[in-house]
Amino acid sequence: MEKTLILLKPDCVQKTLCGKVIARFEEAGFSLRACKMMNLSSEILREHYAHIADMPFYPEVEKFMQETAVIAMVLEGDKIIERMREMLGVTDCKEAAEGTIRSDWGSKDDNNSKMKNICHASDSVENAEVEILRFFSADEVL
C-alpha cells in the first residue's frame, strides 16, 4: 500500500468542491489517513515548490496558494500514486482527459489552467514521503 499527499487547492475550496473531490477518492477505494485545513506560509510553499521558486511566475503561485486555507490529506491505497494521477488528469486542466477531476472542475477558461487545477498530488512514492512529512507530523498520520 502506498500513501500520497493531496492538497485541495484554494480554487477547490472557493468552488465548494471539497466534498465532491473527497467522495471521488473514497469511491476509488482510497483510505483517508490524515486530514486538516491549514493556511500555508511562504516558507512551506517555497519548500514545497522549490523546483519553481526561482521562476518569474512563482510569486503568482504563492499568492494563489494563500488566497484561502487548503485541505491537506494523506490518502492510502494500492498503487495510489499512479491511480491518483490518472484520476486527476494532467496538470493543465485544458489538456486533462474528460471525466478527470481537473477536466471536470479545473479553471479551463483563464490563463491559469496549470495552477488552478483543484488538487496537488505527489508524483512518486519518494516525493510522497517527503511531502507528507512537510505537512504532517508522524503522529497525525494514522
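Two strands pair if DSSP finds at least two bridges between them. Helices (H or I, at least four residues) and strands (E, at least two) are DSSP runs, numbered from the N terminus. With that settled, here is the model.

This is a predicted model, so a word on what is counted: local features need pLDDT of at least 70, side-chain atom pairs count only at pLDDT 80 or more, and totals for chains, interfaces and linings use all residues. Residues are numbered from 1 along each chain as its sequence is written, and side-chain values use heavy atoms, with hydrogens and water left out.

I start with the sheet. Four strands form an open sheet in the order β2-β3-β1-β4, with antiparallel pairing. β2 and β4 are at the edges with a single partner strand each, so one side of each has no neighbour in the sheet. On average, neighbouring strands are turned by 20 degrees against each other, direction ignored. For this and later angles, axes are lines fitted to C-alpha atoms, for helices over the stretch in contact, and angles run from 0 to 180 degrees between N-to-C directions.

Now to β3 and its partners. β1 pairs with β3 in the antiparallel sense over seven bridges. Within that pairing, V74 of β3 is the bridge partner of L5, and A72 of β3 stands opposite L7. On the β2 side, strand β2, residues 31–38, also pairs with β3 in the antiparallel sense, over seven bridges. There M38 stands opposite V70.

How many of the residues of β3 are buried? Eight of its eight. Buried means under 20% relative accessible area, exposed over 50%, and partly exposed in between, with a 1.4 Å probe and protein chains only. In a regular strand the side chains alternate between the two faces of the sheet. In β3, V70, A72, V74 and E76 are on one side, and I71, M73, L75 and G77 are on the other; both faces are covered.

Next, what lies against the sheet. α7 lies across β1, β2, β3 and β4 and runs at about 55 degrees to β1.

Helix α5, residues 80–88, has I80, I81, M84, M87 and L88 buried. Those buried residues fall within an arc of 125 degrees seen down the axis, so they line one face of α5. The arc is that of the directions from the helix axis to the C-beta atoms. Their cover includes β1 (2–8), α2 (18–27), β3 (70–77), α6 (101–105), β4 (119–121) and α7 (125–135). Contact here means heavy atoms within 4.5 Å.

Both ends of α5 have something to note. K79, in the loop between β3 and α5, has a phi near 50 degrees, a positive value in a residue other than glycine. Just after α5, G89 takes a positive phi of about 90 degrees.

α2 can be described in a similar way. Its buried residues are C18, V21, I22 and F25. They cover an arc of only 95 degrees around the axis, which puts them on the same side of α2. The face turned away from that buried side carries the exposed residues G19, K20 and E27. Covering the buried residues of α2 are elements including β1, α1, β3, α5, α6 and β4. Just after α2, G29 has a positive phi of about 95 degrees.

That brings me to the cores. A nonpolar core is a set of buried Ala, Val, Leu, Ile, Met, Phe, Trp, Tyr and Cys residues joined through side-chain atoms within 4.5 Å. Which residues of the largest core touch the most other members? Of its 24 residues, they are I6, L8, V21, F25 and M84. Two or more residues come from each of β1, α1 (10–14), α2, β3, α5, α6 and β4. α5 gives the most, with five residues. Not counting residues up to four places away in sequence, L8 touches V13, C18, V21, I22, F25, V70, I71, M73, I118 and C119. Another core lies apart from the largest one; it has 20 residues, among them I52, F64, I132 and F135.

I118 lies in the loop between α6 and β4, and its phi is near 75 degrees, a positive value in a residue other than glycine. At 0% relative accessibility, I118 counts as buried.

Last, R46 in helix α3, residues 42–48. At 41% relative accessibility, R46 counts as partly exposed. Leaving aside neighbours within four places in sequence, R46 is in contact with A53, Y58 and E62. R46 and E62 are 16 residues apart in sequence and 8.0 Å apart in space, C-alpha to C-alpha.
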